[in-house]
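Keep the viewer open beside the text and follow along.

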Amino acid sequence: MTLEKKRILIAKPGLDGHDVGAKVIALALRDAGAEVIYTGLRRSPEQIVRIAVDEDVDMLGLSILSGSHKELAASVIERLRKENAGDIKVFVGGTIPDEDFEALRAAGVSGIFTSEMTIASVIAEIESQLS
């Protein structure tokens, strides 16, 4: 399966200014056939949700290296639900300790991707979730 006809938003919430990983994943998703929208740096949860709803995305990826992944992911997911867009799947990538996985999943995160994972495995998991 490819990601053709799937729309995926990649967002950088919070104050973190490092976006190389987000751009690598965005390019890999594009190469797999997805239409990718990238928000750029330092977006608020409100901005990210507005873009996700306006762009009618199938999935939203949050790239977070600042350590505030639990709070930011929960905020985005809560806002998606308030906008009746709770069907948009949310994944998180970045510097995420194993001990935070459970809290992220409990908040509604559908996928957690770390730097130890291969790009191919990340794309395969996203494809699986969107099939």
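Are F91 and F113 buried or exposed? Both are buried: F91 is, and so is F113. Please keep in mind that this is a predicted model.

## An aromatic pair

The count of aromatic pairs in this model comes to one. Its members are F91 and F113, arranged edge-to-face, with 5.4 Å from centre to centre and 65° between the planes. The pair ties together distant parts of the chain, as F91 belongs to strand β4 and F113 to strand β5, 22 residues apart.

Next, have a look at β3. Six of its six residues are buried, so the strand counts as mostly covered. In a regular strand, side chains alternate between the two faces of the sheet. For β3, M59, G61 and S63 are on one side, L60, L62 and I64 are on the other, and all of them are buried, leaving both faces covered.

β3 has a parallel partner in strand β1 (residues 7-11), with four bridges between them. Here I8 stands opposite M59 of β3. β3 also pairs with β4, again in the parallel sense, over six bridges. In that pairing G61 has F91 of β4 as its bridge partner, and F91 is the residue that forms the aromatic pair with F113.

## The largest pocket

How much space lies in the largest pocket? The value is about 410 Å³. Its lining is made up of 25 residues, and those nearest the pocket centre are G21, I25, G93, G94 and F113.

Several elements each supply at least two lining residues: α1 (20-31), β3 (59-64), β4 (89-94), β5 (111-114) and α5 (119-130). By residue type, the lining divides into 13 nonpolar, 10 polar and two charged residues.

## A residue on the outside

To finish, find D54, which is in helix α2 (residues 45-54). Why does D54 count as exposed? Its relative accessible area is 54%, and exposed means over 50%, so D54 qualifies. D54 and L65 are 11 residues apart in sequence, while their C-alpha atoms are 26 Å apart in space.

How values were computed:
Residues numbered from 1 in each chain as written. Predicted model: local features only at pLDDT ≥ 70, side-chain atom pairs only at ≥ 80, totals over all residues. Heavy atoms only, no water. Buried < 20%, exposed > 50% of the residue type's maximum accessible area, 1.4 Å probe, protein only. 1 Å grid on protein atoms, 1.4 Å probe; cavity = no way out; pocket = protein on both sides within 12 Å on 5 of 7 lines; lining within 4 Å. Points joined across faces, edges and corners; volume = space filled by probe spheres on them. Nonpolar A, V, L, I, M, F, W, Y, C, P; charged D, E, K, R; others polar. Pairing = 2+ DSSP bridges. Phe/Tyr/Trp six-rings, centres within 6.5 Å; stacked < 30°, edge-to-face > 60°.
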